Amino acid sequence: MMLRIKRVPTVVSNYQKEEVEGGRVGGCGRNCLNKCCIQGAKLPLYAFKKEEEVPSDKALLGHEDGEPPVAFLDSLLLGEWEDRMQKGLFRYDVTACETKVIPGGYGFIAQLNEGRHLKKRPTEFRVDKVLQPFDGSKFNFTKVGQEEVLFRFEASEDGETQFFPDAPIDVESSPSVVAINVSPIEYGHVLLIPRILECLPQRIDHASFLLALYMASEAGNPYFRVGYNSLGAFATINHLHFQAYYLAVPFPVEKAPTRKIAALDNGVNVSVLLNYPVRGLVFEGGNTIQDLSNAVSDSCICLQDNNIPFNVLISDCGKRIFLFPQCYAEKQALGEVSMELLDTQVNPAVWEISGHMVLKRKKDYEEASKENAWRLLAEVSLSEERFREVSDLIFEAISCSIDDVARCSLDEPNAKPLADSAATCPNMVGRKNDCLVLQPEATDLEGQERPALKLKSLSRPRAASAISCVNSKVLGLSLSALTLASLKARGLQQFVLLRRRNLGLKRTSAAVFKIRLRHCFCSER
């Protein structure tokens, strides 16, 4: 028997909406990402340096002067995302959505997001097959307009982290891109689409998962999380992609207690979630970032091959990864979910499972409670017996015994959630002495394309002269153009307020403005 559910598909691109409504179905005529339009196109390129070791707290929180470094990817992403917001590319203003923390030990987060609900007929989705072939006749990300793309995100070829403002696209190499989600759940909501022109179906592979892990690591901001939904676990577009956004509070799952159940030879530790409504595994550590990535991707591949839907949350700047096998869509297709829950139209994907409840009805938002959230998520979770069977499959795939899993209780009555503290999710926004310096490799730029910019972090006193040099030689601006008055004149006051509200800033300092420097500079040219 083929299992299907009906749901309203989430619109992640403005061109997807055109196709859903029976408009254009081709790939030409509007500067898309398909081969018909991408030849000769240029996009910004963030080229990251591959690291051998898993980033440590020390590496993220300081450098030789004890000051936190500027995370350029974090600044670039927010600046470009805000630029698209000002251009009106989003379907609604997500910053206007009501949000509250639900009282209770875990602090579930409720958001009223009526903009994500389309008043149209639901579409049927097959939910009994995690691996399905790519279908080019349906919407996929090659049909996205280039204006929705923020930048390319790929490994550096020379081992240095660099930024290329206008990098030609090599169609044969199939670029990995970061694009906006036009129906955002939160501030900075983006899509990471690995090797977009290869038209990969929604299935985890080692290289793509490692790319997502690097994105979380390079952002260097614990408020930035990356998520993945498999088919059958509320992914609606069968074209490989990850999602990510900023939320300035810890997710409830990040505060849930865990019990270590295995230590792999490569240094990766595996724990099981305790006293949380959705059963799951937590992966941490590893001798290298690739060790951690391989352990999780091997687990995901095992679930895919065994036709088990799942969701993944990449947390803590890529150092902590949650894996949730789930069965909600299967229960829904079999008629085993109550109408009360179905009427909420909540699709429990990775964000909801992690504790960020995106609600589409005012009634559900006003009545949101810990008990209601727990009741919904409990329907998502595998039974204890089934979870142990799935865990056996996973640990067999990563060559590890889980005798301890059978002996441990997954629902310890005395387990308590971790305390809410700055240490759990520290504010990574740079302090007032931080300054981003973009140093060009060449100084004579007359009539030339802008070169790659080597990224470096300096304290403000040592950086002042370097900024002036960059302004005059690369960007054609004087230092006076970076005053608060000029930034307001550029229409960035709203950005400053949004940035403060969403990421917990308490002052409009240089730490805020660095986010938009690159965009302001480039727009002058």
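Q: How do α7 and α13 cross, and how close do their axes come?
A: In this predicted model, the axes of helix α7 (residues 289-305) and helix α13 (residues 384-397) come within 9 Å, crossing at roughly 125 degrees. That angle makes α7 oblique to α13.

Q: Which residues make that contact?
A: From α7 there are D298, S299, C302 and L303, and from α13 there are V390, L393, I394 and A397. Sorted by class, the contact of α7 with α13 has six nonpolar residues, one polar and one charged.

Q: And is the crossing of α7 and α13 left-handed or right-handed?
A: Right-handed: that is how α7 passes α13.

Q: OK, what about α5 and α7? What angle do they pack at?
A: α5 and α7 pack at about 130 degrees, and their axes are 9 Å apart. The two helices are therefore oblique to each other, and their crossing is right-handed.

Q: Which residues are in contact there?
A: On the α5 side you'll find H206, F209, L210, L213, Y214 and S217. On the α7 side the residues are I289, Q290, L292, S293, N294, V296, S297, D298 and I301. By class, the contact of α5 with α7 has eight nonpolar, six polar and one charged residues.

Q: Switching to the core: which residues touch the most other members of the largest nonpolar one?
A: F153 and F283 do, in a core of 71 residues. Helix α5 (residues 206-219) gives this core its largest share, nine residues.

Q: What does F153 touch?
A: Leaving out residues up to four places away in sequence, F153 touches Y46, F48, L73, S176, V178, L192, L211, Y214, M215 and E218. Y214 of α5 also takes part in the contact with α7.

Q: Which residues does the second core include?
A: Y106, Y245, L313 and L359 are among them; that core is separate and has 38 residues.

Q: Let me zoom out. How many helices and strands does the chain have?
A: The chain has 18 helices and 19 strands.

Q: What percentage of the chain is buried?
A: Buried residues make up 58% of the 525 residues.

Q: And what share of the contacts comes from residues 24 or more positions apart?
A: Such residues account for 75% of the chain's contacts with a separation of 6 or more.

Q: New topic, backbone angles. What is the phi of N275?
A: N275 has a positive phi of about 50 degrees, although N275 is not a glycine. Its place is in the loop between β13 (268-273) and β14 (281-285).

Q: What about D316, what's its phi?
A: D316 also isn't a glycine, and its phi is positive at about 55 degrees. D316 lies in the loop between β15 (310-315) and β16 (320-325). With 26% relative accessibility, D316 counts as partly exposed.

Q: Last one: where does S271 lie, and is S271 buried or exposed?
A: S271 lies in strand β13. S271 is buried, because its relative accessible area is 5%, and the cut-off for buried is under 20%.

Q: Which residues is S271 in contact with?
A: Setting aside neighbours within four places in sequence, S271 is in contact with T258, R259, K260, I261, G280, L281, V282 and E284.

Terms used. Residues numbered from 1 in each chain as written. Predicted model: local features only at pLDDT ≥ 70, side-chain atom pairs only at ≥ 80, totals over all residues. Heavy atoms only, no water. Axes fitted to C-alpha atoms, helices over the stretch in contact; angles between N-to-C directions. Helix = DSSP H or I, 4+ residues; strand = E, 2+ residues; numbered from the N terminus. Parallel < 35°, antiparallel > 145°, perpendicular 65-115°, else oblique. Left-handed = near helix turned anticlockwise from the far one by under 90°. Contact = heavy atoms within 4.5 Å. Nonpolar A, V, L, I, M, F, W, Y, C, P; charged D, E, K, R; others polar. Core = buried A, V, L, I, M, F, W, Y, C linked by side-chain atoms within 4.5 Å. Buried < 20%, exposed > 50% of the residue type's maximum accessible area, 1.4 Å probe, protein only.
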